[in-house]
Amino acid sequence: MKSLSPLSQKILLFLLAGAALSFSYSPRHPWKILKSASKEWKRISNEELRNEIRKLYQSKTISKKENDDGSVSILLTNKGKIKALKYNFDKITIDRKNWDGKWRLVIFDIPEKIKKSRDALRWKIKELGFYELQKSVFVFPYQCEDEINFVIEYYNLRKYVRFGTLNAIDNEIHLKKIFNIV
């Protein structure tokens, strides 16, 4: 897949954010998306934007749709969605500020026939900083449900993965040392 300029990546992520707004299930989630997108959008000049949109259209990463009222909508194609998700997926991080005293647990039972997806999920969860309690049980001390849901959806593993929040765990002293929580 050909690499895109940073501005093209931003445009794809803005379009993806628009799609995320329509699927948002949390009342505060749309505001987070809009706030971060708005700051970045203001940094782009109109000329740069037109040039990059033209390139994205030519590469079939986006398409346009003429509306009944004469306006034009810019839509992500499937190719564009894949690229936008990939860029977003590679940059995902979890904020590690202000531990609320709860533990986040990710548990999965993924069939052997999709072993590559299972291994990729395990690798990504570890990359995000989770501690492996058992082969398919991971724990993390900070709020991360949105990020984990994104990873689960990225790998299309929703039916095999569970996420939970614990108030206490019997090896909390050990886990606090691992995560450097005083």
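In this predicted model, Thr61 counts as buried because its relative accessibility is 0%, and buried means under 20%. Thr61 sits in the loop that links α3 (46–58) to β1 (62–66). Its side chain makes a polar contact with the side chain of Ser59, at 2.7 Å.

A sheet of four strands was also examined. The sheet is open, and its strands follow the order β4-β5-β3-β6. The pairing is antiparallel. Strands β4 (131–134) and β6 (161–166) form the edges, each pairing on one side only. On average, neighbouring strands of the sheet are turned by 25° against each other, direction ignored. Strands of a sheet pair through backbone hydrogen bonds. Strands β3 (residues 103–108) and β5 (residues 137–140) run antiparallel and are joined by four bridges. Helix α5 (residues 115–127) lies across β3, β4, β5 and β6. The helix runs at about 165° to β3.

Arg104 belongs to strand β3. In β5, Phe140 stands opposite Arg104. Is Arg104 buried or exposed? Arg104 counts as buried because its relative accessibility is 5%, and the limit for buried is under 20%. Two backbone oxygens lie by polar atoms of the Arg104 side chain: that of Lys102 at 3.0 Å and that of Pro141 at 3.1 Å. Leaving aside residues up to four places away in sequence, Arg104 touches residues that include Phe130, Phe138, Val139, Phe140 and Pro141. Tyr142, Gln143 and Cys144 are also among them, as are Phe163, Gly164 and Thr165.

Terms used: Residues numbered from 1 in each chain as written. Predicted model: local features only at pLDDT ≥ 70, side-chain atom pairs only at ≥ 80, totals over all residues. Heavy atoms only, no water. Helix = DSSP H or I, 4+ residues; strand = E, 2+ residues; numbered from the N terminus. Buried < 20%, exposed > 50% of the residue type's maximum accessible area, 1.4 Å probe, protein only. Polar contact = N/O pair within 3.5 Å; in protein donor to acceptor, adjacent residues only side chain to side chain. Pairing = 2+ DSSP bridges. Axes fitted to C-alpha atoms, helices over the stretch in contact; angles between N-to-C directions. Contact = heavy atoms within 4.5 Å.
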